[in-house]
There are 2 protein chains.
Amino acid sequence: MIDHKSIIKSKIDNKSIVFAVFGVGYVGIPLAQAISNAGCKVIGFDIDEDRVDKLNSSISPIKQIKDEEIEEMILNGFEATTDFSRTSDCDFLIICVPTPLSLHREPDLTAIRATMQSIQPYLKPGQGLALESTTWPGTTNEVLKPYIVDRGLSIGEDFFLVYSPEREDPGNVDFDTKSVPKIVAGMTAVCSEVGVAAYQKIVNSIVPVSSTQTAEMVKLVENIHRSVNIGLVNELKKICDAMAIDIFDVIDAAATKPFGFTPYYPGPGIGGHCIPIDPFYLTWKAREYGVNTRFIELAGEINAEMPKYVVDKLSMSLNARGKALSKSSVLCVGIAYKRDVDDMRESPSVTVMELLKASGAHVEYSDPNVPKFPKMRTHKFDLVSVELTADNIERFDAIVLLTDHTELDYELMRKHAALIVDTRGKYRSSADPDNLSGANIVRA
Amino acid sequence: MIDHKSIIKSKIDNKSIVFAVFGVGYVGIPLAQAISNAGCKVIGFDIDEDRVDKLNSSISPIKQIKDEEIEEMILNGFEATTDFSRTSDCDFLIICVPTPLSLHREPDLTAIRATMQSIQPYLKPGQGLALESTTWPGTTNEVLKPYIVDRGLSIGEDFFLVYSPEREDPGNVDFDTKSVPKIVAGMTAVCSEVGVAAYQKIVNSIVPVSSTQTAEMVKLVENIHRSVNIGLVNELKKICDAMAIDIFDVIDAAATKPFGFTPYYPGPGIGGHCIPIDPFYLTWKAREYGVNTRFIELAGEINAEMPKYVVDKLSMSLNARGKALSKSSVLCVGIAYKRDVDDMRESPSVTVMELLKASGAHVEYSDPNVPKFPKMRTHKFDLVSVELTADNIERFDAIVLLTDHTELDYELMRKHAALIVDTRGKYRSSADPDNLSGANIVRA
């Protein structure tokens, strides 16, 4: 009997192992880079031909990774392909495809299933497979395992199935794929052993957990924690606003408590591919067990209301100046979903822009990271980024500050804007309590 | 015109200032100690004669402060009194009285009002007064200020009114009154200046905030944050339990994420004088402004349900063993509200004991910090702590572990208990997945 575990472990040891990364996007590219940096061969698979061609021409499709970095990966043997039959050239397969929600807020595992279907004919004894996509507890067992078993492979004996959630945080300068501890769980003890060995080559530190369900839950809980804490401060923002207290001053001061408090700051809503989406994967699965996820739903509701809250604040502020929103021109500043990224996925800024447009306002935007409003699944604006100059700022009746990129010129806006609706606390009340320094600033 | 500000500031500088602390309990005693350690005279006021007598005889009424420490304070000039007329001997008055909830969950400021009434005749020009009790935003302005103004004093000129929330954390060995940064806000800029000067003598670091309302909100937000995060993990515990996942393993693993996640652990509910109470001060005040505190109410609801959840888990576990709860004897281990304290206020353990008693179970308890079940406002058990010996443990059909004091012998319980219902994750599933090591352990 062939000892598949020992074979793959020795391939890992001597770095002759070939990794496959399925889905080369915000998660897959940094991961492929970490593998490449570890001195192992890695092939990136994607169904997007354009993206694959770009990668093979050393063009990075994401802001965090530079073209030269892709070039270096290629020099070290990286290649991208749309040919899934090449799965048979690989030893350790890692799936990093998107797991969005359907329009009815149900988990959409289409990309996972499509990947498994595409690679199933090329699965073979001795391989390992890890899912990194965020998903409901039980996915690895209930969705992935059957593809492998149906192929006639025996999990834990001649095939090693693992769940290891990605923890990417685009724009985070303190941590990258290599330095963030990696949760790893195998379907069996042997699967765990292989998974830990493979990831140990790539990242600094591994956190083995007892089951794939536990590992799936870990990732959801991390993002639920964020969603709920942001929902809480967004609710507190509304309460503070009613009481004429600046929530940002409150959070700054509370953050000086050296134990038992972690600051989260409010904003115009939540965006990105994780926080607005992942929690509802648990909501959906929990129904099967007859249990409820009330914090998740409350956070979802409150966070989803924030763009309307911002537009209402703007409308009332214009109204106080004798202006109708429908007769006003508004510049939305910062439309990527968070600071210093170019990612527009689920950005609440787009919802603000749509609400403004629907209210009859003239809307434009300025974002140094988003030179042209991108094609999106459900949103359409035929706009390019307005340059932030004194003249341009003065053209508008109001600025709505939605994402506080580092490189924006906040002093210029303060000097030249007729009105700033600040959703990010960039202009703390405590710093200028009497609004003396130029623009009228409204916190929203 | 007398420059009262300069006079009190120079008294602070040369340590001739006399402090008064109203309410010598969990907050007031450590504060008086910090003042005494700073080399200033301090008088402790209380309406409880017994407590005052004890203090004057060097007997500490709280576990965290030893008798010898009180003795040392007395050697340095500390004294306690029930005679509020002695307020006129003092320069800087600090109020640390309890702010509980009424039976209808409304703020009960009786102790603050009673203190202000008692001291009002003795307020005089040149004094400062700080409120430290946790309360709704606006209390200093709406409740305290009138007593001072009605006395004919002029705030910011000949009297200095300040709000500075206590941040005591009994049982915390890393931080004490002196080392926790102190939030200070004055009713006027001059009040702030005096408040900052006074507290600077006592603690290491001061965080001035812009208004007393902001400072009042800071303290509430700190405790709301805790209440909501504990509520969230308590809800997640129920969901994990339904899915046969150990929430403690999940939180341990999530806590390895080096950013964006802070671990909170579930339990049998929440206790103590802060977390179950303070958030509803905001709920009450928010109604005045027509805004809602939905996270606070959801957390309150879920946390309040936990004792029943624990009892249900126990009942079903006994049932699975063919036993009725009403025919069982149950030992509740750890009944103080949190680890390594003796404080029974709002302890969820008492609710568990009452639910057990109401279900007909024979209930006893063991807690090294609570040798005799204390007199409580709404609870009555005529019990003393059962010593945790092998024989005693074996007398019971089940142990419910409610508070995980450090000094408890967990191995002894594991070896000798017929059944342990563990609400604190002391017995992680991952450490013994097959429950092989003795007792049957159920997570609740």
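The model is predicted. Chains A and B touch through 52 residues of chain A and 53 residues of chain B. On the chain B side, α8(B) gives the most, with 17 residues.

**Contact between the chains**
- Chain B puts 53 residues into the contact, and chain A puts in 52.
- On the side of chain B that touches chain A, the elements giving two or more residues are α8, α9, α10 (278–288) and α11 (294–320).
- Of these, α8(B) gives the most, at 17 residues.
- By class, that side of chain B has 31 nonpolar, twelve polar and ten charged residues.

**Helix α12 of chain A**
- Helix α12(A) spans residues 348–358, and its buried residues include P348(A), V350(A), V352(A), M353(A) and L356(A).
- S349(A) and T351(A) in this helix are buried too.
- The buried residues of α12(A) pack against α11 (294–320), β9 (329–333), β10 (362–366) and β11 (398–401) of chain A.
- G360(A) follows the helix, with a positive phi near 90 degrees.

- Most residues other than glycine have a negative phi.
- A244(B) has a positive phi, near 60 degrees. A244(B) sits in the loop between α8 (212–242) and α9 (247–254) of chain B. A244(B) counts as exposed because it has 12 C-beta neighbours inside 10 Å.
- E346(B) also has a positive phi near 60 degrees. Its place is the loop between β9 (329–333) and α12 (348–358) of chain B. With 20 other C-beta atoms within 10 Å, E346(B) is buried.

Methods: Residues are numbered from 1 along each chain as its sequence is written. Chains are lettered from A and ligands numbered from 1 in the order in which they are written. This is a predicted model: local features need pLDDT of at least 70, side-chain atom pairs count only at pLDDT 80 or more; totals for chains, interfaces and linings use all residues. Helices (H or I, at least four residues) and strands (E, at least two) are DSSP runs, numbered from the N terminus. Two residues are in contact if their C-beta atoms, placed from the backbone, lie within 7 Å. Ala, Val, Leu, Ile, Met, Phe, Trp, Tyr, Cys and Pro count as nonpolar, Asp, Glu, Lys and Arg as charged, and the others, Gly among them, as polar.
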